[in-house]
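Please look over the sequence and the structure below before reading on. The briefing then takes up pockets and helix packing.

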Amino acid sequence: MEEMDVNSIFFVSLGCDKNLVDSEFMLGTLQENGWMITDDEKTADIIIVNTCCFIHDAKEESIQTILEMADYKKTGKCKGLLVTGCLAQRYQQEIRKEIPEVDAVLGTNSYADLVHALQEVLKGRTYENFQTLETIPGQMHHKRSVTTGGHYAYLKIAEGCNKHCTYCIIPSIRGNYRSIPMKELLWQAEQLAEAGVKELILVAQETTLYGTDLYGEKSLYKLLDELNQVKGLRWIRILYCYPEEIDDRLIAAIKRNEKVCHYLDMPIQHSNDEILRRMGRRTSKQDIQNIVAKLRREIPDICLRTTLICGFPGETQAQHEELMEFINEMEFDRLGAFTYSPEEGTAAAEFPEQVEEEIKLTWQEEVMELEQEIIFDKTADMKDQIIWALVEGKLSDENIYVARTYRDAPDIDGYVFISDADTELLTGDFVKVRITGSLDYDLTAEYLP
């Protein structure tokens with residue numbers, strides 16, 4: 001590495017867990033090349049913002065964060081401001097024009113060029129790089145700096161998406177679906193496990209299509225078989241499974257591999273067939289009902305999470321009420337609801353009959369109130385069950401530990417609060433507990449030695 005008059009980098013990672021994986025590889029690359037990472041933006045020599053722009057709120061957060069960081073070029077030690085990620089990919093010219101404090105802009109497939117970009121910035125030059133979205137940069141033998149505490153980590157198994165849902169901009173900023181070779185994923189998993197990771201969370205824009213581009217068939221079931229053999233791992237969790245792509249081979253792999261959590265995140269977005277068609281989804285209400293029934297029949301203790309969009313263009317009160325009836329019937333174990341966000345460049349943004357924001361918010365509130373009732377009943381029903389939990393930490397000044405069960409993904413689901421532990425529990429420990437009660441979305445439990 002060239003001689004540089006620089007000491008530290010402040011790194012901001014915004015958006016989803018898939019973006020976080022990119023950030024962790026960038027942080028690892030920086031550390032490999034002799035840079036020091038700081039948590040103080042006021043004293044940082046370089047500031048990097050890895051951005052998101054999936055929906056309007058994420059875009060606004062990214063822009064606001066860039067503007068806030070730009071101030072440190074005046075009030076702090078900052079010599080260079082770099083912007084990476086989805087917002088950079090989508091609005092590269094606008095960023096450089098509207099925020100001249102930005103010194104370098106790197107697209108979503110240009111992270112390998114990060115160190116070179118820093119070198120150019122420190123020479124007083126601006127820099128841009130936007131690699132084709134048809135390739136995926138290799139990550140094997142690159143250091144990764146895990147930021148999730150060390151006991152769990154995300155494994156991004158693919159990049160991009162081929163679905164082209166009418167509300168989504170991902171294909172235009174992340175490209176078509178590209179699976180990461182299985183050999184590389186297994187290498188990553190082994191490295192993470194050796195570093196102390198106990199829970200591996202598989203993520204992609206869609207995990208269920210893994211391998212179709214490389215191996216000619218959906219190969220997530222094969223990947224699960226291989227990951228199950230990685231020493232040190234205890235849990236393997238799957239997120240972002242499209243319902244129409246869940247097949248018998250995947251279900252069988254979840255059943256036979258003891259490390260694979262009986263938990264599936266399956267975003268359906270809606271239940272009305274006309275809305276699903278307008279969304280560009282490749283499923284139907286009956287299809288969703290069938291796969292939910294099959295999953296619960298084959299894996300009785302499975303925990304199903306889903307996400308919904310409220311107020312899609314053209315949605316009527318009757319269609320919303322149909323969705324409410326569907327939620328009541330399906331009784332999803334976990335559910336998130338979001339108001340529709342019209343995104344520039346998507347087909348749905350140009351659809352007529354855009355729903356008023358107030359109505360979207362009302363429908364979202366009604367969905368979440370209904371799901372709250374369902375979840376509260378489900379948590380109450382868990383009383384007296386004995387279950388394994390992964391310790392996340394301890395409440396300060398109290399003898400109460402915070403943990404998660406296999407039914408809870410980090411940051412999006414609930415927790416279990418463990419009391420009466422006569423022995424010290426450490427973050428990352430797996431402990432057996434008896435559920436003693438519930439607190440809305442969370443559980444209370446006692447430690448079983």
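The model is predicted. Its largest pocket has a volume of about 1300 Å³, and the second largest pocket holds about 330 Å³ of space. Helix α11 is roughly parallel to α13, α13 is roughly parallel to α14, and α10 is roughly parallel to α11.

**The largest pocket**

- The lining of the largest pocket is made up of 50 residues.
- Nearest the centre of this pocket lie Cys16, Lys18, Phe54, Tyr240 and Phe338.
- Three helices, α1 (17-32), α2 (56-70) and α7 (170-174), each give two or more residues to the lining of the largest pocket.
- The strands β7 (152-156), β13 (303-310) and β14 (334-339) also give two or more residues each to that lining.
- Sorted by class, the lining of the largest pocket has 27 nonpolar, ten polar and 13 charged residues.

**The second largest pocket**

- The second largest pocket is lined by 18 residues.
- Trp235, Glu258, Cys261, Trp388 and Tyr406 are the lining residues that lie nearest the centre of the second largest pocket.
- Two or more residues of this lining come from each of α11 (248-256), β12 (260-265), β15 (386-394) and β18 (430-439).
- The lining of the second largest pocket divides into ten nonpolar, two polar and six charged residues.

**Helices α10 and α11**

- Helix α10 covers residues 220-227, and its axis comes within 8 Å of the axis of α11, with a crossing angle of roughly 15°.
- Angles under 35 degrees count as roughly parallel, so α10 is roughly parallel to α11.
- The crossing of α10 and α11 is left-handed.
- On the α10 side, the contact is formed by Leu220, Tyr221, Leu224 and Asp225.
- On the α11 side, these residues meet Arg249, Leu250, Ala253, Ile254 and Arg256.
- The contact of α10 with α11 has six nonpolar, no polar and three charged residues.

**Helices α11 and α13**

- Helix α13 covers residues 285-298, and the axes of α11 and α13 come within 11 Å and cross at roughly 30°.
- That angle makes α11 roughly parallel to α13.
- Helix α11 and helix α13 cross in a right-handed manner.
- Asp248, Ile251 and Lys255 are the α11 residues that meet α13.
- Their partners in α13 are Ile291, Lys294, Leu295 and Glu298.
- In the contact of α11 with α13 there are three nonpolar, no polar and four charged residues.

**Helices α13 and α14**

- Helix α14 covers residues 317-330, and its axis and that of α13 come within 12 Å and cross at roughly 10°.
- That angle makes α13 roughly parallel to α14.
- From α13, the residues Lys285, Ile288, Gln289, Val292 and Arg296 take part in the contact with α14.
- From α14, the residues Glu322, Phe326, Glu329 and Met330 take part.
- By class, the contact of α13 with α14 has four nonpolar, one polar and four charged residues.

Conventions. Residues numbered from 1 in each chain as written. Predicted model: local features only at pLDDT ≥ 70, side-chain atom pairs only at ≥ 80, totals over all residues. Heavy atoms only, no water. 1 Å grid on protein atoms, 1.4 Å probe; cavity = no way out; pocket = protein on both sides within 12 Å on 5 of 7 lines; lining within 4 Å. Points joined across faces, edges and corners; volume = space filled by probe spheres on them. Helix = DSSP H or I, 4+ residues; strand = E, 2+ residues; numbered from the N terminus. Nonpolar A, V, L, I, M, F, W, Y, C, P; charged D, E, K, R; others polar. Axes fitted to C-alpha atoms, helices over the stretch in contact; angles between N-to-C directions. Parallel < 35°, antiparallel > 145°, perpendicular 65-115°, else oblique. Left-handed = near helix turned anticlockwise from the far one by under 90°. Contact = heavy atoms within 4.5 Å.
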